[in-house]
Amino acid sequence: MEFTGLKQQYELLRNDINAGIQRVLDHGQYIMGPEVAQLEAQLAEYCGARHCVTVSSGTEALLISLMALGVQAGDEVITTPFSFIATAEAIVLAGARPVFVDVERASGNLDPARIVRRIGARTRAIMPVSLYGQPADMDAINGIARRHGLAVIEDAAQSFGASYRSQRSGNLSTIGCTSFFPSKPLGCYGDGGAIFTSDDEMARAMREIRIHGQAQRYHHTRVGVGGRMDTLQCAVVLAKLPTFDDEIAARRRVATAYDRCFGSRVETLGGAEASAWAQYTIVPPCREPVQAALTAAGIPSVVHYPQAIHQQPAYLRYDDAACPVAELLAQRVLSLPMGPHLSQSDVARVAATVLAALDA
């Protein structure tokens, strides 16, 4: 059993993926080839944003967004301590300080009720993460941001394909950023990402920043980075996009099957119907025996994430507020196999193994 089922997905889409890659090999425009603009147009239409800017990774999407906002040394950005390190990493790389706010117990997402007390004179933006595929409470977060004159950057690395109150993740705030890392709901075969915005000036800045700050060839109007998504990776995502909604629907069916197997006996994190279900994550009272039982049965599992960011050695300097919920979840969460091609019998086998371990 695979954790994500990428091999199965490739077998089903082999002809389209191979044809897309071959077209790039034939025309030879490996950087900023025609597939880049084609993918950006399709992704912008999918999300409902005016602009999509493809970039080299989800991390670079966050960094370029912060740079486009003018975030710099001495500024502060409010974010979650319960996420992959890239969320805080981008803030630090931009020269700013991550200000951690604890998360909700039920979703693991940034808790809006705790944000206001952490806003200060140097706060420039709020960066919520749509954890495991489920957007945070964006209406509440956007409302706080408006009242305090702040931008909101949704870290939607795990939630492309999800929605929140009939709007697509990625188009829920000032800026949305996503990742096309291979294991994401919509992944490429290397690295890649995208930024979404409906602000024309912001999009122009992002496009310049991703190509070393160039407004035109060898004319650099800003400090930038080498942040382009290569044409081959765009071709892979283009080949996957036509079946993407079907895969999201299949992920939701897998999540529902897990829910039925577990009933009320297993606590899960998140679980909104409109989630992209990048992960299906349980919160057992004690993680180790459950994970050991899964491993013994040949079933893969992953801990996303084993330590809150503010507890990581490189980020201890930013540990200036209590985040007990994030710390508790980091000790207990366990992600189970999840993907659109996971069979009902596989789901039943995983669930039975988990339940047996809990009953032991």
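Biologist: How many bridges join strand S1 to S9?
Modeller: First, this is a predicted model, with pLDDT of at least 70 needed for local features and 80 or more for side-chain atom pairs, while totals for chains, interfaces and linings use all residues. Residues are numbered from 1 along each chain as its sequence is written, and side-chain values use heavy atoms, without hydrogens and water. Strands are DSSP runs of E, at least two residues, numbered from the N terminus, and two of them pair if DSSP finds at least two bridges between them. S1 covers residues 51-55 and runs antiparallel to S9, and the bridges joining them number five.

Biologist: Which residue in S9 does Thr54 stand opposite?
Modeller: That one is Ala194.
On the S8 side, four bridges join S8 to S9, again antiparallel, and Cys177 has as its bridge partner Ile195.

Biologist: Is Phe181 buried, exposed or partly exposed?
Modeller: Phe181 sits in the loop between S8 (175-179) and S9 (193-197). Buried means under 20% relative accessible area and exposed over 50%, with partly exposed in between (1.4 Å probe, protein chains only). Phe181 has 41%, so it counts as partly exposed.

Biologist: How far apart in space are Phe181 and Gly192?
Modeller: Contact means heavy atoms within 4.5 Å, and Phe181 is in contact with residues including Gly187, Cys188 and Gly192, leaving aside neighbours within four places in sequence. Phe181 and Gly192 are eleven residues apart in sequence, and C-alpha to C-alpha the distance is 6.2 Å.
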